[in-house]
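Here are my notes on the model you sent. Please read them with the coordinates open.

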Amino acid sequence: PTGEQAALITEAEAKQYTTRRVVFLGNRYTRDMVLRRRFVIGLQEGDLFPRQNLNKAWVNVSKLKMIYPVRPNDVVVQLNRDEKHVDMLICFREKRR
């Protein structure tokens with residue numbers, strides 16, 4: 001649920017979690033590196049996890065013409081509270097070629 005994800009994002013930002021892993025799902029034709037170059041602005045693995053960088057990354061990757069815009073409910077955040085890490089799963093929908 002979007003509300004639960006928003007709460008996890010708020011917790012990760014407030015407690016200064018770091019980004020451990022960013023996984024892309026649904027990119028059948030678009031290469032991972034293309035998405036990573038666009039998405040990982042301030043969200044590189046090992047960086048602190050600020051919400052504003054996540055929002056910028058959504059906007060930046062949504063500019064690609066080969067995918068539909070990414071919405072907040074397309075991102076699944078999982079927290080590892082013991083190690084203070086964030087894992088993200090970003091689901092993409094590609095446009096027909």
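The points below go from the sheet to the core, the helices and some single residues.

1. Basis of the notes. This is a predicted model, in which local features need pLDDT of at least 70 and side-chain atom pairs count only at pLDDT 80 or more, while totals for chains, interfaces and linings use all residues. Residues are numbered from 1 along each chain as its sequence is written, and side-chain values use heavy atoms, with hydrogens and water left out.

2. Three strands make an open sheet of mixed pairing, in the order 1-3-2. Strand 1 and strand 2 are the edge strands, each pairing on one side only. From one strand to the next the twist averages 15 degrees. Strands here are DSSP runs of E with at least two residues, helices are runs of H or I with at least four, and both are numbered from the N terminus. Two strands count as paired if DSSP finds at least two bridges between them.

3. The two pairings. Strand 1 pairs with strand 3 in the parallel sense, over seven bridges; V23 has L89 of strand 3 as its bridge partner. Strand 2 and strand 3 run antiparallel and are joined by six bridges. L89 is also the bridge partner of V76.

4. Faces of strand 2. In a regular strand the side chains alternate between the two faces of the sheet. Buried means under 20% relative accessible area, exposed means over 50%, and partly exposed is in between, with a 1.4 Å probe and protein chains only.

5. The hairpin. Four residues lie between strand 2 and strand 3, which form a hairpin. K84 sits in the loop between these strands and has a positive phi, near 60 degrees, in a residue other than glycine. K84 is partly exposed, at 37% relative accessible area.

6. Most residues other than glycine have a negative phi. Q16, in the loop between helix 1 and strand 1, has a phi near 55 degrees, a positive value in a residue other than glycine. Q16 counts as exposed because its relative accessible area is 56%.

7. N80. This residue belongs to strand 2. Which backbone nitrogens does the side chain of N80 reach? A polar atom of the N80 side chain lies 3.2 Å from the backbone nitrogen of D82, and the side chain also reaches the backbone nitrogen of E83 at 3.2 Å. Apart from neighbours within four places in sequence, N80 is in contact (heavy atoms within 4.5 Å) with Y17, R20 and H85. T18 is 62 residues from N80 in sequence, yet the two C-alpha atoms are 9.9 Å apart.

8. The nonpolar core. Such a core is a set of buried Ala, Val, Leu, Ile, Met, Phe, Trp, Tyr and Cys residues joined through side-chain atoms within 4.5 Å. The largest one has 24 residues, of which F39, M88 and I90 touch the most other members. At least two core residues come from each of helix 1 (2-14), strand 1 (18-25), helix 2 (32-39), helix 3 (51-62), strand 2 (75-80) and strand 3 (85-91). Helix 3 supplies the largest share, four residues. Not counting residues up to four places away in sequence, I90 touches V22, V23, F24, L25, F39, V70, D74 and V75.

9. Helix packing. Helix 1 and helix 3 pack at an angle of about 125 degrees, with their axes 9 Å apart. The pair is therefore oblique, the class for angles that are not under 35 degrees (roughly parallel), over 145 (roughly antiparallel) or 65 to 115 (roughly perpendicular). A6, I9, T10 and E13 of helix 1 meet R51, Q52 and L54 of helix 3. Helix 2 lies across strand 1 and strand 3, at about 135 degrees to strand 1. Axes are lines fitted to C-alpha atoms, for helices over the stretch in contact, and angles run from 0 to 180 degrees between N-to-C directions.

10. E11, in helix 1, counts as buried because its relative accessibility is 17%. Beyond residues up to four places away in sequence, E11 touches Y17, L79 and R81. T19, in strand 1, is buried at 1% relative accessibility. Leaving aside neighbours within four places in sequence, the contacts of T19 include L43, Q44, F49, V86 and M88.

Note on methods
Polar contact = N/O pair within 3.5 Å; in protein donor to acceptor, adjacent residues only side chain to side chain.
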